[in-house]
Amino acid sequence: MRNPIAYHVARNLFPGPAIRLAFGPQVIDRELLPRDGPAIIAANHLSFWDPVLIQLATRQRIVFAAKREYFSGPSAIGAFLRAAGMVPVDRRGGPDAEHALDILLAVLRRGGLVGIFPEGTRSRDGKLHRGRTGVGRLHLRSGAPIVPIAVLNTDEIQAAVRRYPAIKRATLRCGPSMTFGHVLDAAPEPVAARIITDEVMCALQRLSGRPYVDEYGTWLRLGDDQ
């Protein structure tokens with residue numbers, strides 16, 4: 001799954017430099033980005049450019065879970081995702097989504113960085129939606145800190161309902177890392193994972209300024225829906 005040469009080419013030769021030229025990204029509070037792992041990057045999700053732009057904002061490779069459709073075809077996004085060793089997820093969820101979480105957990109146990117979009121899909125209305133608890137379960141099982149990153153305007157580049165991208169600089173805002181030792185032994189895993197996920201979503205709401213809707217987004221299901 002991981003190919004260092006392909007990743008180097010994608011990041012530094014093509015399509016990485018072209019994506020940087022077209023879309024930035026500008027990173028607010030960059031010093032809060034982890035320099036190494038294990039750590040879990042948790043972000044809101046406005047555009048399918050988000051995993052690529054977050055990856056280009058960091059020096060270390062981040063292994064993201066992304067829907068399987070992103071990997072199909074000859075697109076620059078698909079090429080970058082494949083080169084970065086990202087984990088394809090069937091948008092129907094079920095065992096495939098659980099397997100994706102197992103792969104991310106293995107990356108964390110090797111000291112790597114993983115990325116997850118707790119909403120499970122791109123927001124179609126620009127609002128922040130209720131998080132799936134996969135991010136909480138990853139933290140409970142690995143102990144890795146969670147670093148929230150808000151993508152602020154990538155829906156202006158290419159929202160879920162938009163066919164072609166606009167040339168515009170993306171902006172990301174990083175938050176301080178989060179740990180949840182206070183809930184590790186306070187509740188069974190499903191309850192603790194929900195508590196953690198809700199706190200992460202609160203952090204993303206503060207960072208992004210997006211209105212919060214206590215309902216799940218549609219399309220991809222990643223993790224469970226406790």
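Analyst: Happy to. About 40 Å³ of space lies in the second largest cavity. On a 1 Å grid over the protein atoms alone, a cavity is a set of points where a 1.4 Å probe fits but cannot get out, while a pocket is an open set with protein on both sides within 12 Å along at least five of seven lines; lining residues have an atom within 4 Å of a point. Grid points are joined across faces, edges and corners, and a volume is the space filled by probe spheres set on the points.

User: Before we go on, what kind of model is this, and how are residues numbered?

Analyst: This is a predicted model, where local features need pLDDT of at least 70 and side-chain atom pairs count only at pLDDT 80 or more, though totals for chains, interfaces and linings use all residues. Residues are numbered from 1 along each chain as its sequence is written, and side-chain values use heavy atoms, with hydrogens and water left out.

User: Why roll a probe at all?

Analyst: Rolling a probe the size of a water molecule over the atoms shows where empty space is left. Here the rule gives two cavities of 30 Å³ or more.

User: Which residues line the second largest cavity?

Analyst: Its lining consists of Leu101, Asp102, Leu105, Arg137, Leu138 and Arg141. Helices α5 (95-109) and α6 (134-142) each supply at least two residues of that lining. Helices (H or I, at least four residues) and strands (E, at least two) are DSSP runs, numbered from the N terminus. By class, the lining has three nonpolar, no polar and three charged residues. For these classes, Ala, Val, Leu, Ile, Met, Phe, Trp, Tyr, Cys and Pro count as nonpolar, Asp, Glu, Lys and Arg as charged, and the others, Gly among them, as polar.

User: And what is the volume of the largest pocket?

Analyst: The largest pocket has a volume of about 280 Å³. Of the 14 residues lining it, Arg30, Leu33, Ala57, Thr58 and Arg59 lie nearest its centre. Its lining has five nonpolar, three polar and six charged residues.

User: How do I read the confidence of the model?

Analyst: Look at pLDDT, the predictor's confidence in each residue, from 0 to 100. The chain averages 87, and 90% of the residues score at least 70. Over residues 220-226 the pLDDT is below 50, and this stretch has 32 contacts in the model beyond near neighbours in sequence. Contact means heavy atoms within 4.5 Å.

User: Now the strands, please. Is β2 mostly covered or exposed?

Analyst: Buried means under 20% relative accessible area, exposed over 50%, and partly exposed in between (1.4 Å probe, protein chains only). Strand β2 (residues 39-43) is mostly covered, with five of its five residues buried. Ala39, Ile41 and Ala43 point one way from β2, and Ile40 and Ala42 point the other way.

User: Which strands does β2 pair with?

Analyst: Two strands pair if DSSP finds at least two bridges between them. β2 runs parallel to β5 (residues 113-116), with four bridges, and parallel to β7 (residues 146-151), also with four bridges. Follow Ala42 to see both: Ala42 stands opposite Ile116 in β5, and its bridge partner in β7 is Pro148.

User: What surrounds Ala43?

Analyst: Ala43 has a relative accessible area of 0%, so this residue counts as buried. Leaving aside neighbours within four places in sequence, Ala43 is in contact with Ile54, Ile116, Phe117, Pro118, Ile149 and Leu204.

User: What about β3?

Analyst: β3 is mostly covered too: six of its six residues are buried. This strand pairs in the parallel sense with β5 over three bridges, and Ile62 has Leu113 as its partner there. Three bridges also join β3 to the parallel strand β4 (residues 87-89), where Pro88 is the partner of Ala66.

User: Last one: what should I look for in the backbone angles?

Analyst: Most residues other than glycine have a negative phi, and most peptide bonds are trans. In this model, the peptide bond from Gly24 to Pro25 is cis, with omega near 0°. Another cis bond joins Gly37 and Pro38, with omega about 5°, and Pro38 is found in the loop between β1 and β2. Asp29 lies in the loop between β1 and β2, and its phi is positive, near 60°. Asp29 is partly exposed, with a relative accessible area of 35%.
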